[in-house]
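Please look at the structure first.

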Amino acid sequence: MLCGRKRTLSSAPWIVALDKAHDAALVGGKAVNLFHLLAGGLPAPDGFVVTTAAFRAAGESRGILPELAEQIAAAYEALGAPVAAVRSSATAEDLADASMASQYETVLNVDGADAVREAIETCWRSLGAGRVQVYLEQRGIDPAEVAVAVIVQRLVHAEVSGVLFTANPHSGSTEEMVVEAVYGLGEAIVSGEVQPDVFRLCARDGRVLELQVAGKTKAIWPGSDGYAPVPDDRADKACLDYDQLQLLRRLGQKAAAQFHEPQDVEWALAGGALYVLQSRAVTTLADTRAHHR
(Lines give C-alpha, C1' and ligand atoms only; values in the text may rest on other atoms or scores of the structure.)
Protein backbone atom coordinates (compact mmCIF):
# COMPACT_ATOMS: atom_id res chain seq x y z
CA MET A 1 0.00 0.00 0.00
CA LEU A 2 1.40 3.43 -0.95
CA CYS A 3 2.14 5.82 1.89
CA GLY A 4 -0.76 8.23 2.42
CA ARG A 5 -3.26 6.25 0.37
CA LYS A 6 -6.33 5.09 2.26
CA ARG A 7 -7.13 1.47 1.51
CA THR A 8 -10.69 0.94 0.34
CA LEU A 9 -12.68 -2.14 1.33
CA SER A 10 -12.98 -3.19 -2.32
CA SER A 11 -9.19 -3.42 -2.56
CA ALA A 12 -8.81 -5.33 0.70
CA PRO A 13 -7.61 -8.95 0.50
CA TRP A 14 -10.03 -11.85 0.82
CA ILE A 15 -7.48 -14.14 2.49
CA VAL A 16 -4.97 -13.19 5.21
CA ALA A 17 -2.48 -15.45 7.01
CA LEU A 18 -3.25 -15.70 10.72
CA ASP A 19 0.15 -14.32 11.69
CA LYS A 20 -0.64 -11.19 9.63
CA ALA A 21 -4.22 -10.79 10.92
CA HIS A 22 -3.82 -7.52 12.85
CA ASP A 23 -6.57 -5.37 11.28
CA ALA A 24 -9.74 -5.88 13.35
CA ALA A 25 -11.99 -4.34 10.68
CA LEU A 26 -10.71 -6.90 8.19
CA VAL A 27 -10.34 -10.05 10.31
CA GLY A 28 -12.54 -9.54 13.39
CA GLY A 29 -11.77 -9.59 17.09
CA LYS A 30 -11.08 -13.30 17.50
CA ALA A 31 -8.46 -13.40 14.75
CA VAL A 32 -6.74 -10.27 16.07
CA ASN A 33 -6.45 -11.92 19.49
CA LEU A 34 -4.87 -14.98 17.86
CA PHE A 35 -2.47 -12.69 15.99
CA HIS A 36 -1.34 -11.18 19.30
CA LEU A 37 -0.97 -14.63 20.87
CA LEU A 38 1.27 -15.73 17.99
CA ALA A 39 3.22 -12.47 18.18
CA GLY A 40 3.79 -13.15 21.87
CA GLY A 41 5.17 -16.61 21.16
CA LEU A 42 2.18 -18.55 22.46
CA PRO A 43 1.43 -21.89 20.75
CA ALA A 44 -1.61 -21.36 18.50
CA PRO A 45 -2.29 -23.64 15.50
CA ASP A 46 -1.43 -22.41 12.00
CA GLY A 47 -4.21 -21.00 9.88
CA PHE A 48 -5.64 -18.26 7.68
CA VAL A 49 -8.58 -15.87 7.75
CA VAL A 50 -11.29 -15.34 5.14
CA THR A 51 -11.79 -11.62 5.65
CA THR A 52 -14.77 -9.31 6.07
CA ALA A 53 -14.04 -8.05 2.54
CA ALA A 54 -14.89 -11.53 1.22
CA PHE A 55 -18.02 -11.60 3.40
CA ARG A 56 -19.20 -8.27 2.00
CA ALA A 57 -18.35 -9.29 -1.56
CA ALA A 58 -20.66 -12.30 -1.18
CA GLY A 59 -23.60 -9.99 -0.42
CA GLU A 60 -26.90 -11.19 0.95
CA SER A 61 -26.53 -14.59 -0.71
CA ARG A 62 -23.79 -15.52 1.79
CA GLY A 63 -22.41 -17.72 -0.98
CA ILE A 64 -18.73 -18.06 -1.87
CA LEU A 65 -17.77 -16.49 -5.19
CA PRO A 66 -15.75 -18.65 -7.63
CA GLU A 67 -12.64 -16.48 -7.28
CA LEU A 68 -12.80 -16.77 -3.50
CA ALA A 69 -13.30 -20.53 -3.75
CA GLU A 70 -10.01 -20.76 -5.66
CA GLN A 71 -8.20 -18.65 -3.06
CA ILE A 72 -9.59 -20.75 -0.20
CA ALA A 73 -8.51 -23.97 -1.90
CA ALA A 74 -5.00 -22.57 -2.44
CA ALA A 75 -4.66 -21.37 1.17
CA TYR A 76 -5.97 -24.69 2.49
CA GLU A 77 -3.49 -26.65 0.34
CA ALA A 78 -0.66 -24.37 1.49
CA LEU A 79 -1.63 -25.23 5.09
CA GLY A 80 -1.17 -28.90 4.21
CA ALA A 81 -4.86 -29.70 3.62
CA PRO A 82 -5.35 -30.73 7.26
CA VAL A 83 -8.49 -31.61 9.16
CA ALA A 84 -9.52 -28.12 10.20
CA ALA A 85 -11.44 -26.11 12.74
CA VAL A 86 -13.47 -23.30 11.16
CA ARG A 87 -14.54 -20.46 13.47
CA SER A 88 -16.24 -17.12 13.03
CA SER A 89 -14.41 -13.89 13.87
CA ALA A 90 -16.92 -11.06 13.67
CA THR A 91 -16.14 -7.37 13.95
CA ALA A 92 -18.32 -7.25 17.12
CA GLU A 93 -16.71 -10.30 18.70
CA ASP A 94 -14.22 -10.71 21.57
CA LEU A 95 -14.47 -7.05 22.51
CA ALA A 96 -13.79 -5.82 26.04
CA ASP A 97 -17.52 -5.40 26.78
CA ALA A 98 -19.07 -7.92 24.36
CA SER A 99 -17.27 -11.24 24.01
CA MET A 100 -20.12 -12.91 22.08
CA ALA A 101 -18.74 -16.24 23.24
CA SER A 102 -20.58 -19.17 21.60
CA GLN A 103 -22.94 -16.87 19.68
CA TYR A 104 -21.55 -17.55 16.21
CA GLU A 105 -20.91 -20.93 14.61
CA THR A 106 -17.85 -23.12 14.95
CA VAL A 107 -17.45 -26.16 12.70
CA LEU A 108 -14.95 -28.85 13.74
CA ASN A 109 -13.45 -31.92 12.02
CA VAL A 110 -13.66 -30.21 8.62
CA ASP A 111 -11.88 -32.33 6.02
CA GLY A 112 -11.31 -31.21 2.42
CA ALA A 113 -11.56 -27.93 0.53
CA ASP A 114 -15.25 -28.36 -0.31
CA ALA A 115 -16.07 -28.96 3.35
CA VAL A 116 -14.05 -25.89 4.34
CA ARG A 117 -16.05 -23.73 1.94
CA GLU A 118 -19.33 -25.09 3.29
CA ALA A 119 -18.18 -24.43 6.86
CA ILE A 120 -17.27 -20.83 5.97
CA GLU A 121 -20.75 -20.26 4.57
CA THR A 122 -22.21 -21.73 7.77
CA CYS A 123 -20.24 -19.20 9.82
CA TRP A 124 -21.34 -16.35 7.57
CA ARG A 125 -25.01 -17.32 7.89
CA SER A 126 -24.77 -17.39 11.68
CA LEU A 127 -24.92 -13.59 11.69
CA GLY A 128 -28.62 -13.95 10.90
CA ALA A 129 -29.31 -16.33 13.80
CA GLY A 130 -31.91 -15.13 16.27
CA ARG A 131 -29.61 -15.43 19.29
CA VAL A 132 -26.99 -13.25 17.59
CA GLN A 133 -29.53 -10.60 16.65
CA VAL A 134 -30.85 -10.46 20.22
CA TYR A 135 -27.31 -10.25 21.65
CA LEU A 136 -26.41 -7.36 19.33
CA GLU A 137 -29.65 -5.52 20.09
CA GLN A 138 -29.10 -5.83 23.85
CA ARG A 139 -25.68 -4.24 23.48
CA GLY A 140 -26.78 -1.49 21.11
CA ILE A 141 -24.82 -2.85 18.15
CA ASP A 142 -26.34 -2.34 14.69
CA PRO A 143 -26.30 -5.73 12.87
CA ALA A 144 -25.86 -3.90 9.56
CA GLU A 145 -22.50 -2.66 10.80
CA VAL A 146 -21.25 -6.16 11.68
CA ALA A 147 -19.25 -8.30 9.25
CA VAL A 148 -18.06 -11.87 9.73
CA ALA A 149 -14.53 -13.00 8.98
CA VAL A 150 -13.80 -16.72 9.32
CA ILE A 151 -10.71 -18.42 10.77
CA VAL A 152 -9.54 -21.72 9.25
CA GLN A 153 -7.01 -23.46 11.51
CA ARG A 154 -5.31 -26.79 11.70
CA LEU A 155 -7.44 -28.87 14.13
CA VAL A 156 -5.58 -29.88 17.28
CA HIS A 157 -6.19 -33.60 17.81
CA ALA A 158 -6.91 -32.99 21.44
CA GLU A 159 -6.83 -35.70 24.06
CA VAL A 160 -8.07 -33.15 26.63
CA SER A 161 -9.27 -29.59 26.15
CA GLY A 162 -11.14 -26.87 27.93
CA VAL A 163 -11.18 -23.35 29.28
CA LEU A 164 -8.78 -21.50 31.58
CA PHE A 165 -9.77 -18.33 33.43
CA THR A 166 -6.69 -16.45 34.61
CA ALA A 167 -8.82 -14.78 37.29
CA ASN A 168 -11.59 -16.52 39.21
CA PRO A 169 -14.80 -15.57 37.33
CA HIS A 170 -16.94 -16.46 40.36
CA SER A 171 -15.17 -14.36 42.99
CA GLY A 172 -13.26 -11.88 40.81
CA SER A 173 -9.98 -12.82 42.53
CA THR A 174 -6.84 -12.42 40.42
CA GLU A 175 -5.00 -14.62 42.95
CA GLU A 176 -6.80 -17.71 41.63
CA MET A 177 -7.20 -19.41 38.27
CA VAL A 178 -10.03 -21.73 37.27
CA VAL A 179 -9.63 -24.57 34.76
CA GLU A 180 -12.50 -26.52 33.17
CA ALA A 181 -11.51 -29.66 31.26
CA VAL A 182 -13.06 -32.52 29.29
CA TYR A 183 -11.77 -35.36 27.16
CA GLY A 184 -11.54 -34.68 23.43
CA LEU A 185 -12.57 -31.35 21.89
CA GLY A 186 -13.72 -28.39 23.95
CA GLU A 187 -16.97 -27.98 22.03
CA ALA A 188 -18.40 -30.46 24.56
CA ILE A 189 -18.08 -27.74 27.23
CA VAL A 190 -19.30 -24.91 24.99
CA SER A 191 -22.43 -26.87 24.05
CA GLY A 192 -23.20 -27.72 27.68
CA GLU A 193 -23.48 -31.40 26.79
CA VAL A 194 -20.68 -32.54 29.11
CA GLN A 195 -20.06 -31.42 32.68
CA PRO A 196 -16.31 -30.67 32.92
CA ASP A 197 -13.80 -31.33 35.66
CA VAL A 198 -13.17 -28.05 37.51
CA PHE A 199 -9.84 -27.13 39.11
CA ARG A 200 -9.29 -24.00 41.23
CA LEU A 201 -5.60 -23.09 41.43
CA CYS A 202 -3.46 -20.65 43.33
CA ALA A 203 -2.18 -18.34 40.60
CA ARG A 204 1.10 -17.72 42.43
CA ASP A 205 2.34 -21.27 43.06
CA GLY A 206 -0.11 -23.58 41.27
CA ARG A 207 -1.49 -25.32 44.37
CA VAL A 208 -4.80 -27.06 43.69
CA LEU A 209 -7.23 -25.33 46.03
CA GLU A 210 -10.32 -27.23 44.90
CA LEU A 211 -11.08 -30.12 42.55
CA GLN A 212 -14.48 -31.20 41.24
CA VAL A 213 -14.30 -34.36 39.15
CA ALA A 214 -17.30 -34.86 36.86
CA GLY A 215 -18.63 -38.03 35.28
CA LYS A 216 -17.51 -37.46 31.70
CA THR A 217 -19.27 -40.30 29.90
CA LYS A 218 -18.96 -38.92 26.36
CA ALA A 219 -16.63 -36.77 24.30
CA ILE A 220 -16.15 -35.31 20.84
CA TRP A 221 -12.99 -37.05 19.71
CA PRO A 222 -10.93 -35.56 16.87
CA GLY A 223 -12.06 -36.96 13.54
CA SER A 224 -15.34 -38.28 14.92
CA ASP A 225 -18.84 -37.35 13.85
CA GLY A 226 -20.53 -36.15 17.04
CA TYR A 227 -20.23 -37.65 20.50
CA ALA A 228 -18.68 -41.01 21.36
CA PRO A 229 -18.35 -42.82 24.70
CA VAL A 230 -15.48 -42.26 27.12
CA PRO A 231 -14.04 -45.58 28.41
CA ASP A 232 -15.52 -46.51 31.79
CA ASP A 233 -12.12 -46.57 33.50
CA ARG A 234 -11.52 -42.89 32.55
CA ALA A 235 -14.96 -41.31 32.87
CA ASP A 236 -14.80 -40.68 36.63
CA LYS A 237 -11.10 -39.76 36.80
CA ALA A 238 -9.65 -36.26 36.61
CA CYS A 239 -8.57 -35.67 33.02
CA LEU A 240 -5.58 -33.47 33.98
CA ASP A 241 -2.66 -34.21 36.29
CA TYR A 242 -0.63 -31.77 38.40
CA ASP A 243 2.11 -31.21 35.81
CA GLN A 244 -0.44 -30.47 33.09
CA LEU A 245 -2.16 -27.96 35.36
CA GLN A 246 1.18 -26.19 35.84
CA LEU A 247 1.62 -25.99 32.06
CA LEU A 248 -1.82 -24.40 31.86
CA ARG A 249 -1.04 -21.95 34.67
CA ARG A 250 2.10 -20.76 32.89
CA LEU A 251 0.22 -20.50 29.59
CA GLY A 252 -2.43 -18.39 31.31
CA GLN A 253 0.19 -16.10 32.81
CA LYS A 254 1.71 -15.50 29.37
CA ALA A 255 -1.71 -14.81 27.81
CA ALA A 256 -2.69 -12.37 30.57
CA ALA A 257 0.67 -10.60 30.26
CA GLN A 258 0.27 -10.34 26.48
CA PHE A 259 -3.11 -8.60 26.78
CA HIS A 260 -2.44 -6.82 30.11
CA GLU A 261 -5.68 -8.10 31.65
CA PRO A 262 -7.24 -11.38 32.84
CA GLN A 263 -8.07 -13.80 30.04
CA ASP A 264 -10.61 -16.50 29.22
CA VAL A 265 -8.44 -18.96 27.29
CA GLU A 266 -9.60 -21.96 25.24
CA TRP A 267 -6.84 -24.58 25.11
CA ALA A 268 -6.13 -28.12 23.92
CA LEU A 269 -3.61 -30.77 24.98
CA ALA A 270 -2.29 -33.18 22.35
CA GLY A 271 0.73 -35.47 22.46
CA GLY A 272 2.08 -33.75 25.54
CA ALA A 273 1.96 -30.31 23.89
CA LEU A 274 -0.36 -27.50 24.94
CA TYR A 275 -2.06 -25.21 22.40
CA VAL A 276 -4.10 -22.04 22.80
CA LEU A 277 -7.13 -21.89 20.52
CA GLN A 278 -8.69 -18.58 21.55
CA SER A 279 -8.24 -15.89 24.17
CA ARG A 280 -10.53 -13.07 25.19
CA ALA A 281 -10.92 -10.73 28.14
CA VAL A 282 -12.90 -12.02 31.11
CA THR A 283 -15.79 -9.59 30.67
CA THR A 284 -17.66 -10.44 33.89
CA LEU A 285 -14.99 -9.52 36.45
CA ALA A 286 -16.23 -6.00 37.23
CA ASP A 287 -19.76 -7.24 37.98
CA THR A 288 -18.41 -10.17 40.00
CA ARG A 289 -16.19 -7.97 42.12
CA ALA A 290 -19.04 -5.54 42.81
CA HIS A 291 -21.25 -8.44 43.91
CA HIS A 292 -18.58 -9.79 46.31
CA ARG A 293 -17.82 -6.47 48.04
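## Helices on sheets

Helix H4 lies across E2, strand E3 (84-90), E4 and E5, and runs at about 145° to E5. The model is predicted.

The sheet under discussion is open and has five strands, in the order E1-E2-E5-E3-E4. Its pairing is antiparallel. Strand E1 (15-17) and strand E4 (106-110) are the edges, each pairing on one side only. On average, neighbouring strands of this sheet are turned by 20° against each other, direction ignored. Helix H3 (residues 66-78) also has a place here: H3 lies across E1, E2 and E4, at about 170° to E2.

H4 itself spans residues 113-125 and holds both Arg 117 and Asp 114. These two are three residues apart, about one turn of the helix. Their side chains meet in a salt bridge, with 2.0 Å from N to O. The whole structure has 10 salt bridges.

A second open sheet has six strands, in the order E9-E8-E7-E6-E12-E13, again with antiparallel pairing. Its edge strands are strand E9 (208-212) and strand E13 (273-281), and each pairs on one side only. Neighbouring strands of this sheet are turned by 20° against each other on average, direction ignored. Helix H8 packs on the sheet. H8 touches E6, E7, strand E8 (197-202), E9, strand E12 (263-270) and E13. The direction of H8 makes about 140° with that of E12.

Which helix does H8 pack with at an angle of about 110°? The partner is helix H1 (residues 24-39), and the axes of H1 and H8 (residues 242-259) are 10 Å apart. Angles of 65 to 115 degrees count as roughly perpendicular, so H1 and H8 are roughly perpendicular to each other. H1 passes H8 in a right-handed crossing. On the H1 side, the contact uses Asn 33, His 36, Leu 37 and Ala 39. They meet Ala 255, Gln 258 and Phe 259 in H8. By class, this contact has four nonpolar, three polar and no charged residues.

Note on methods. Residues numbered from 1 in each chain as written. Predicted model: local features only at pLDDT ≥ 70, side-chain atom pairs only at ≥ 80, totals over all residues. Heavy atoms only, no water. Axes fitted to C-alpha atoms, helices over the stretch in contact; angles between N-to-C directions. Helix = DSSP H or I, 4+ residues; strand = E, 2+ residues; numbered from the N terminus. Parallel < 35°, antiparallel > 145°, perpendicular 65-115°, else oblique. Left-handed = near helix turned anticlockwise from the far one by under 90°. Contact = heavy atoms within 4.5 Å. Nonpolar A, V, L, I, M, F, W, Y, C, P; charged D, E, K, R; others polar. Pairing = 2+ DSSP bridges. Salt bridge = Lys/Arg side-chain N within 4 Å of Asp/Glu carboxyl O.
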